[in-house]
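Visitor: I would like to go through the charged side chains of this model. Please take them one at a time.

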Amino acid sequence: MKINFNAFEEKHHDRFKGGEGVFHQRMVEDDACKIMRGMLQAGSSLGEHTHEGDYEVVYIVSGAATMIFDGVPEELSAGDCSYCPEGHTHRLMNTGDEDLIFFAVVPKTAGM
């Protein structure tokens with residue numbers, strides 16, 4: 001199934017999950033999964049959160065980031081992927097000078 005993210009409304013979340021700045025997001029979701037294209041400007045971040053009932057895969061398209069996974073920092077750049085299994089915690093920060101562009105897939109695990 002083709003997903004044209006440009007066809008979806010871009011939403012803007014201030015201080016998403018307690019992070020800094022604005023999270024720009026285009027997303028498609030159904031009962032089983034969320035798939036999103038996200039953008040964080042330099043200095044912006046997604047706040048720390050734990051995945052319960054789902055997990056998340058984040059793929060960096062462009063920019064530089066630090067993912068704090070279960071308290072351990074991991075440096076990410078274009079082409080890197082981060083996986084946060086159910087029951088684990090992570091936080092994403094744009095640590096570069098340009099926009100951080102990424103895709104995230106969040107499948108639900110409950111009932112599967």
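Visitor: Where does Glu10 lie relative to strand 1?
Guide: The model is a predicted one. Strand 1 covers residues 11–14. Glu10 lies in the segment before strand 1.

Visitor: Is Glu10 buried, partly exposed or exposed?
Guide: Buried requires under 20% relative accessible area, and exposed requires over 50%. The relative accessible area of Glu10 is 31%, so Glu10 is partly exposed.

Visitor: Which residues is Glu10 in contact with, leaving aside its neighbours within four places in sequence?
Guide: Contact here means heavy atoms within 4.5 Å. With those neighbours set aside, the residues in contact with Glu10 are His24, Gln25 and Arg26.

Visitor: Which residue meets Glu10 in a salt bridge, and what parts does the pair tie together?
Guide: The N to O distance between the two side chains is 3.6 Å, and the cut-off is 4 Å. Glu10 lies in the segment before strand 1 and its partner in strand 2 (residues 22–29), so the pair ties together parts that are 16 residues apart in sequence. The partner of Glu10 is Arg26.

Visitor: How far apart are the closest N and O atoms of Arg15 and Glu20?
Guide: Arg15 is partly exposed at 48% relative accessibility, and Glu20 is partly exposed at 39%. Arg15 forms a salt bridge with Glu20, and their closest N and O atoms are apart by 3.2 Å.

Visitor: How many salt bridges does the count come to?
Guide: One of them joins Glu10 and Arg26. Another joins Arg15 and Glu20. By the 4 Å rule, the count of salt bridges comes to two.

Terms used:
Residues are numbered from 1 along each chain as its sequence is written. This is a predicted model: local features need pLDDT of at least 70, side-chain atom pairs count only at pLDDT 80 or more; totals for chains, interfaces and linings use all residues. Side-chain values use heavy atoms; hydrogens and water are left out. Helices (H or I, at least four residues) and strands (E, at least two) are DSSP runs, numbered from the N terminus. Buried means under 20% relative accessible area, exposed over 50%, partly exposed in between (1.4 Å probe, protein chains only).
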